[in-house]
Amino acid sequence: MTTTRATPVRLTQFAHGGGCACKIPPGELEDVLGGLTAALPAATDTPLLVGLATGDDAAVVTLPASGSGAAQALVSTADFFTPVVDDPYDFGRIAAANALSDVYAMGGRPVLAVNLLAWPRDVLPFDLAREVLRGGLDVAAEAGCHVGGGHSVDDPEPKYGMAVTGLADPARLLRNDTGRPGLPLSLTKPLGVGVLNNRHKATGERFEQAVATMVTLNREASKAALAAGATCATDVTGFGLLGHLHKLARASGVTAVVDTAAVPFLQGAREAVRDGYVSGGTRRNLEWVAPYTDFGDTDADTRLLLADAQTSGGLLVAGEIPGAPVIGELVPRGPHSVVLR
């Protein structure tokens, strides 16, 4: 489903990329981070549970015990990017949902966020920035998360996102390194927002199905995963399904087998690939995972869709949860981290 509507200012035309497709490519990022470790405090009563080692969705520390209360973990993350759609209010909603998702992907609940805003103050009017911030506030309110201010800078490109703090049960975290052979793989949102967003940027066509999935919180998916006893999950964002699945399989010491026929795609996604609306980020994702993936006889368009750089994508859960299609399973580690069938 597509619609075209007049937009006074097309935000996507003021940025070189869009959404999570503008992330630093995963291979280059790993080269930058290689050998870096956080300096441990001399003494601390907040042990680091999840840090840089496995490239998980957020950092997690245990909070000091207080009285007879249950143990809690603090989840911390930040995410921001250039406009993925032209409508400023939708851009704010999408960026906020995407930032909150990292907390849900760890099995936590967001409690406090601060805005991160970059704005070309001499180029774009501030009433558009206000709409971006309003979109973020509305999604945070839906999530039951406070927004307590933030930080802004003058920047040649508009960018928006949030730094988010959440709470979780340290004994019931969702992590990307706890997958085990025999577990099914569930995906809670369809793929394809990357190619649809790229088409939107090029043509101005508005894809309501893409906006709807991007502004949907991963809150219920996270709750369902925890209720099902899952311990392993990640969200599918800028590195595409294949990239995030490779990271999960590598961290867990397993191989992920994907039934490509079971993977859901948004309406219009295949047509967008066919017509050439594939971002550079998606092509870099595919190039990065190629050495670790057995593609079998999967066709070229499907490979691109499986590597499509998602913005505010769903959760990839090692486990079966209601309403989410099972797209594969984890098996003992083989020569590849991902196998397509």
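## Overall size

What radius of gyration would a compact globule with 341 residues have, and what does the protein chain have? The globule would be near 20 Å and the chain has 19 Å, which agrees; the radius is taken over C-alpha atoms, and the globule rule is 2.2 Å times the number of residues to the power 0.38. Along its principal axes, the C-alpha trace spans about 55 × 55 × 40 Å.

This is a predicted model, where local features need pLDDT of at least 70, side-chain atom pairs count only at pLDDT 80 or more, and totals for chains, interfaces and linings use all residues. Residues are numbered from 1 along each chain as its sequence is written, and side-chain values use heavy atoms, with hydrogens and water left out.

## An enclosed strand

The protein chain holds ten helices and 13 strands, taken as DSSP runs numbered from the N terminus (helices H or I, at least four residues; strands E, at least two). Let's look at strand E6, residues 159–168: eight of its ten residues are buried, so the rest of the structure largely encloses it. Buried means under 20% relative accessible area (1.4 Å probe, protein chains only).

Strand E3 (residues 73–81) pairs with E6 in the antiparallel sense over nine bridges, with Val-75 opposite Gly-166. Pairing requires at least two DSSP bridges between two strands. Strand E4 (residues 109–119) and E6 are also antiparallel, over nine bridges, and here Asn-115 faces Met-162.

## The seven-stranded sheet

Now for an open sheet with mixed pairing, in the order E8-E11-E7-E12-E9-E13-E10. Its edge strands, E8 (233–235) and E10 (293–294), each pair on one side only. Strands E9 (residues 254–258) and E13 (residues 338–340) run parallel over three bridges, placing Ala-256 opposite Val-338.

Note on methods:
Buried < 20%, exposed > 50% of the residue type's maximum accessible area, 1.4 Å probe, protein only.
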